[in-house]
Each structure stands twice: as structure tokens, then as C-alpha cells.
Amino acid sequence: MTIHTKPIHLPTIDFSRFYGGPAEREGFIRELTRVLHDHGFFYLTGHGVPQSLIDDVLAASKRFFALPEAEKLSIEMVKSPHFRGYNRAGYERTRGEQDWREQLDINTEGVPVEAGPETPWNRLYGPNQWPAAQPELKQLLLRYQAEVTRIGIDVLKAIALSLGQPEDAFAEIYEPSPSQLLKIIRYPGREAAGSDQGVGAHKDGGFVTVLLQDTTPGLRIRTEEGVWIEAPPVPGTFIINSGELLELATNGFVRADVHDVVTPPAGTERFSVAFFLGARYDATIPVIALPDELKRAERGVTVDPLNPIFREVGINHLKSRLRSHPDVAAAHHPDLLYLLEKPAKG
């Protein structure tokens with residue numbers, strides 16, 4: 001396969017082509033194959049999410065962050081052993097450093113599940129926390145979560161085809177209940193944050209991320225050559241990026257690019273809504289047998305001794321949550337901190 005030179009800007013992909021006729025679909029799949037290898041990041045149009053829903057979610061997010069601090073702290077994440085709820089700015093960490101953003105995390109709405117020594121990831125299942133002062137938020141965010149789950153699964157089907165696989169190639173490791181982590185996020189201006197790190201440099205841990213940006217830029221992506229590309233908001237689009245599970249499954253053919261968010265300038269703020277589609281917690285990520293032309297372009301899985309990747313999905317996700325939220329880990333899971341030292345398996 002010919003490896004194309006990276007452009008200055010991220011590509012834009014019209015997802016309506018995936019639902020088009022055979023020739024249009026085939027062209028779309030070829031383009032997606034190149035983008036996944038070169039970037040792992042792209043703008044998505046033609047996604048079918050109503051603009052009214054997008055506007056409502058952003059407006060509701062801003063109303064949530066404008067609530068009195070006491071109302072937000074009534075659902076603080078440290079109160080949830082399932083890592084659900086509100087975090088003040090500076091309470092999440094990336095590579096040990098504070099991220100200057102406040103956020104509300106929800107995942108699949110559910111009930112607690114018994115966790116044993118062989119299934120520690122079952123501790124992640126449970127109910128979300130919702131603000132009593134904003135009762136409409138639950139229905140709205142769960143509706144949005146369902147929409148971006150649809151997008152994520154359809155993108156994953158397209159990715160499977162782009163890798164020369166059946167479109168349901170990943171279904172056995174996400175059905176019947178994928179991880180559906182959703183964050184509404186506010187980045188305060190630099191005069192409040194006192195730091196340039198909105199979110200530190202990292203890779204996403206799931207299959208794909210569906211990111212909605214409001215109007216203030218800040219997202220950056222680091223290319224394989226170490227060049228940072230800015231990804232400003234584009235109205236009507238989502239940003240899609242591939243995560244570590246796809247890098248594992250393709251032995252590095254698909255990129256899971258490092259990215260970060262820079263704190264917005266003084267006197268401004270940045271809002272975004274990030275959705276992370278992941279596999280079932282009890283799944284193990286296989287290595288896909290790629291067609292020869294793609295296999296020759298495999299790069300191997302990135303090795304980061306400070307943040308190893310695991311093929312066991314539940315351990316991988318649990319490790320990430322323990323590392324990112326040390327206050328929740330200390331309050332509810334001190335017996336699991338050994339996982340932060342667990343060596344990754346190839």
C-alpha cells in the first residue's frame with residue numbers, strides 16, 4: 001500500500017457515501033483505509049444527527065456548568081465507585097499531570113454487577129449520577145448517547161470493511177453492550193486554569209471517539225513525525241478518531257494518534273462533548289489477519305512503559321480510570337492499584 005504524505009489539515013469524510021450505491025461506497029471505503037493509516041483523525045459530515053439535538057446538548061452542557069458549585073459537587077465522581085459524575089478542574093490527570101477542565105462523565109445506564117477476583121472490571125457497571133437541579137439533562141444526554149453510539153458502530157462497520165473484513169468483524173467483542181463513555185466538558189480560560197494543559201497528550205483507549213466541539217479551538221493532533229496539527233471546530237461536523245483497541249487489533253496499521261487540548265486564552269472558555277465507543281469489558285482484542293497489501297504496512301503496537309496497553313478490555317479500561325481519577329481509586333478501589341504496575345501482554 002502506498003503511504004501518503006500527511007497534509008497540514010485533517011481530512012473531511014462524508015459519511016453519507018457509506019450509505020450510497022456500490023461505487024460510491026467502494027470509493028468511500030478506499031478513502032477511509034488511507035485515512036486510518038495516515039491519521040486516525042478526520043472530520044465527519046453526513047452523520048445524520050439532527051442539528052437541533054446538537055444545539056440542545058451544547059446549551060444544556062453550558063447550563064450544567066453554570067450551576068452553583070454545590071449543585072455540581074452533589075454528584076461529584078468520588079461518590080461513585082463506577083467512575084460516574086462530576087469532576088472539578090484539576091481532578092483528572094493525564095500522565096500524572098492535572099487536566100484543567102471540569103466535566104460530567106456518564107456511561108451505559110445500569111445497575112451494579114458483582115465483581116470477583118477474575119472480573120474486577122465489573123466494578124465499572126452501575127448507575128450514573130444526575131443533577132437534581134437540572135432534571136431534563138438525563139433524558140437529553142441518554143438520547144444523544146444513543147445517537148453517537150449509532151454513529152460509532154456504523155463507523156466501526158465501515159472500518160472493518162476498509163480493513164478487508166466483514167462489516168460485523170468487531171461485533172463479537174462489543175455486542176450486546178459496548179462501553180458508552182460520554183463526557184460533557186468545559187475548559188476554563190487560562191487566567192483561571194493557570195496552565196496550558198487542558199488535557200495532556202494521550203491516546204484514546206476505545207474503538208472510536210466521536211467528538212463534538214462548540215466554537216473555541218484547542219484540540220491538537222501529533223503526527224507520526226512529531227508535528228502538531230490543529231483541529232479547530234467546523235460547524236456541522238464531528239471529529240472521529242481511532243483508539244488503542246483498533247491499533248491492537250491491526251498490529252499498528254490503524255493509527256491511534258496522540259492528541260491534547262490546549263487551555264483557551266484568558267477571558268474565553270471551551271466546551272465539547274466527547275463520546276468513546278469501547279468493547280465489552282469481558283472481551284479480549286484479537287489480531288486481525290489483514291490482506292497482504294495492508295499487512296505490509298503494519299507498524300506494530302506503540303509501546304509506552306508509562307501507559308501499557310492490554311488486550312483484556314476490562315483491565316485496559318479499569319487501569320485507565322484508576323490512573324485518571326486517583327481520588328476515586330483511593331476512595332473505592334485501593335485493592336486494585338496493583339493494576340497500574342501490571343505489565344502489558346503482547
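**Aromatic pairs.** I searched the whole predicted model for ring pairs and got 10 aromatic pairs. I picked out phenylalanine 64 and tyrosine 86, which sit edge-to-face at 5.9 Å centre to centre, with 70 degrees between the planes. I then looked up where the two rings come from. Phenylalanine 64 belongs to helix 2 (residues 51-65) and tyrosine 86 to strand 3 (residues 85-87), so this pair ties together parts 22 residues apart in sequence. Are phenylalanine 64 and tyrosine 86 buried or exposed? I checked, and both are buried.

**A cluster.** I also noted that ring pairs link Phe15, Phe18, Tyr19 and Phe28 into a cluster. Phenylalanine 18 has a further contact to write down: arginine 25 lies over its face, 4.1 Å from the ring centre.

**Arginine 220.** I found another arginine over a ring here: the charged end of arginine 220 sits over tryptophan 228, 4.3 Å from the ring centre. Strand 10 (residues 219-222) and strand 13 (residues 259-262) run antiparallel and are joined by 3 bridges.

Next I traced the strand order and read 8-13-10-11, an open sheet of 4 strands with antiparallel pairing. Which strands stand at the edges? They are strand 8 (197-202) and strand 11 (228-230); each has a single partner strand, so one side of each is left without a neighbour in the sheet.

Definitions and conventions:
Residues numbered from 1 in each chain as written. Predicted model: local features only at pLDDT ≥ 70, side-chain atom pairs only at ≥ 80, totals over all residues. Heavy atoms only, no water. Phe/Tyr/Trp six-rings, centres within 6.5 Å; stacked < 30°, edge-to-face > 60°. Helix = DSSP H or I, 4+ residues; strand = E, 2+ residues; numbered from the N terminus. Buried < 20%, exposed > 50% of the residue type's maximum accessible area, 1.4 Å probe, protein only. Lys NZ or Arg CZ within 6 Å of the ring centre and 35° of its normal. Pairing = 2+ DSSP bridges.
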